[in-house]
Amino acid sequence: GMVVGGAVTGVTQIGRGIYHTPGAVSAASSGKEWDDERREWYIYNLEEEAKSVLTVSEEDFIKSLKADPAAAPKEGGEEGEPARVERKVADTEFYDVLGVPSNATASEIKKAYYKKARDNHPDRHPDDPEAQKKFQVIGHAYQILSDEALRANYDASGKDSVESAPKVDPSTLFAMIFGSEKFVPLVGELKLASQMQDEENEAHNHPKLKKFRQKKREVQCAMNLVQKLQHYIDLNGDAEAFKATFTEELKELSASPFGSTLVGSIGLAYYESALAELSTVDSMSISLTQAGRSVTTGLGIASEGFKAAMVAREVSNAQKLQKLKEEQKAAGAGEASTGAAGEAAKPAGATVDAAAKPADASATASATPAGTVTAEEEASAKAAEAAMKEKIERLSGHMFAVMWYFTDIDIRSTLANVCFKVLHDHSVSNTVLNERAKALKILGDCFIAKGGSMAAGLGDVRIRLHQQMNGEGKDASAEDEEHHHQEQQQEQAHAKDPVYVGKDEKNSASEDSKGDSSPVVTPVHETSEADLD
């Protein structure tokens with residue numbers, strides 16, 4: 001019965017599709033777009049949407065939701081919640097840097113870091129020589145307080161207990177989570193940044209508000225893109241003159257290796273959208289390519305997430321093992337102290353039976369005083385520290401990879417809608433729309449040429465992590481920068497997908513596979529911690 005019912009339903013749906021096909025073809029040929037929400041065809045107009053969306057603030061939109069009892073979000077905040085007791089900690093400097101109390105939740109710390117880092121980003125203060133230093137202090141405070149183990153050590157023993165913790169480049173950390181201020185006109189505020197701000201605020205987590213925020217982001221980016229493409233039209237289609245209008249901007253955006261990775265992702269989104277609009281055949285090929293890329297991205301997220309979880313488990317086990325050793329050492333020191341006190345308490349002239357003396361009296365005479373660290377213990381501590389650094393380095397690398405995959409998905413899905421709005425805007429003629437598509441293809445091509453691959457961007461992150469964790473300085477050397485420049489040149493031939501470019505780029509797949517390569521640093525040999533699982 002279920003099989004027959006399913007077959008009948010399928011035939012019915014096919015029949016409906018055939019019935020509505022002539023209408024769909026007619027609507028599409030007249031420039032109409034299909035609205036999935038309203039289930040109707042409409043003529044899209046970017047200017048009208050901009051007037052209806054960009055003029056409404058988030059506060060006004062939240063008020064409109066509150067006016068609708070069915071959609072009204074619950075207010076975020078602490079009303080009705082018991083007051084949290086201030087925790088006593090050894091040092092509050094890092095809490096003071098972020099402007100949060102010592103009992104702040106992880107979400108509150110994230111939100112405070114975002115606001116502080118954004119307001120004090122060096123890009124916003126080019127004339128302040130202390131801006132970079134302030135930004136680094138904020139980044140380091142967040143790094144310590146956002147890590148559960150480091151925060152516990154800091155709370156118990158102060159700054160000295162976390163001084164050996166590897167320092168992650170704050171610029172890289174901020175860019176991975178929030179993007180760069182310079183990219184906001186192109187891609188808007190990344191979803192990772194929005195989620196970080198709204199994690200504890202139920203009103204800001206309302207589905208309708210999130211949808212409104214994303215639409216506003218897309219419309220603003222579309223308006224910005226229209227202005228950029230208009231230069232091509234004003235220059236009567238002069239491609240070289242058009243390129244000159246954004247050459248300096250592109251150079252600045254791609255100055256850093258991770259910046260060039262963002263540029264490459266943006267360029268590919270532009271190029272695909274333009275090519276799909278200019279050619280029906282290419283449109284079909286691009287759809288297949290994007291479907292394959294989505295599968296690859298999903299597998300990448302799963303793989304990097306699994307690796308991160310495994311390394312996090314190693315880190316946890318190593319910390320437990322270190323704590324156990326410290327407790328055993330402390331207990332041993334306590335027993336030695338008790339024994340010494342007992343010897344001192346003996347009556348004057350008391351003798352010890354010769355049979356009770358240790359076999360090696362000289363060993364007793366030369367025993368290490370309590371509290372003294374032996375060379376063997378020092379070597380063991382250094383080895384443990386090196387192993388922990390290597391684990392944290394690997395963990396950070398995998399976490400950055402996961403964050404980049406989500407950022408890439410966010411950028412491409414957002415720009416797909418942005419480009420749709422720009423290329424299907426019927427507030428202008430079809431001739432203008434065609435010119436916009438040509439300009440967008442040129443823009444995307446130039447971005448791809450200047451952009452870098454994910455493998456190159458994450459490789460640079462790994463190099464910098466290794467440098468910082470081994471005290472080799474924050475900035476890449478001139479040699480590293482030259483190597484990055486050479487990588488960019490080599491990748492230009494592989495930046496576009498072979499399915500629709502039509503060039504001999506058979507090696508591009510193997511180039512992309514380098515994204516899953518091993519970390520730059522050779523792993524340190526580790527002592528097994530399986531007994532702690």
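Biologist: What secondary structure does the protein chain have?
Modeller: There are 22 helices and two strands. Remember that this is a predicted model.

Biologist: How much of the chain is buried?
Modeller: Of the 533 residues, 36% are buried.

Biologist: What share of the contacts with a separation of 6 or more comes from residues 24 or more positions apart?
Modeller: Those residues account for 73% of such contacts.

Biologist: Let's go to helix 3. Which of its residues are buried?
Modeller: Phe61, Ile62 and Leu65. They cover an arc of only 100° around the axis, so they sit on the same side of helix 3.

Biologist: What's on the face turned away from that buried side?
Modeller: Exposed residues: Glu59, Lys63 and Ala67.

Biologist: And what covers the buried residues of helix 3?
Modeller: Helix 11 is part of the cover.

Biologist: New topic, aromatics. How many aromatic pairs are there?
Modeller: A search of the whole structure gives seven. One of them is Phe61 with Phe212.

Biologist: Why does the pair of Phe61 and Phe212 count as stacked?
Modeller: The ring planes are at 5°, and the cut-off for stacked is under 30 degrees. The ring centres are 4.3 Å apart.

Biologist: Where do those two residues lie?
Modeller: Phe61 is in helix 3, residues 58-67. Phe212 is in helix 11, residues 207-234. So the pair ties together parts that are 151 residues apart in sequence.

Biologist: Are Phe61 and Phe212 buried or exposed?
Modeller: Both are buried.

Biologist: Which residues form an aromatic cluster?
Modeller: Phe94, Tyr95 and Tyr154 form one.

Biologist: Now cysteines. How many disulfides?
Modeller: The count comes to zero.

Biologist: What is a disulfide, anyway?
Modeller: A covalent bond between the sulfur atoms of two cysteines.

Biologist: Is Cys419 buried or exposed?
Modeller: Cys419 is buried, because its relative accessibility is 0%. Cys446 has a relative accessible area of 15%, so Cys446 is buried as well.

Biologist: Last one, helix 6. How many residues does helix 6 have, and how far does it reach?
Modeller: Helix 6 has 15 residues, 131-145. From first C-alpha to last it reaches 21 Å. That is close to the 21 Å expected at 1.5 Å a residue.

Biologist: Which residues of helix 6 are buried?
Modeller: Among them are Ala131, Phe135, Ile138 and Gly139. His140, Tyr142 and Leu145 are also buried.

Terms used: Residues numbered from 1 in each chain as written. Predicted model: local features only at pLDDT ≥ 70, side-chain atom pairs only at ≥ 80, totals over all residues. Heavy atoms only, no water. Helix = DSSP H or I, 4+ residues; strand = E, 2+ residues; numbered from the N terminus. Expected span 1.5 Å × (residues − 1). Buried < 20%, exposed > 50% of the residue type's maximum accessible area, 1.4 Å probe, protein only. Disulfide = S-S within 2.5 Å. Phe/Tyr/Trp six-rings, centres within 6.5 Å; stacked < 30°, edge-to-face > 60°. Arc of directions from axis to C-beta. Contact = heavy atoms within 4.5 Å.
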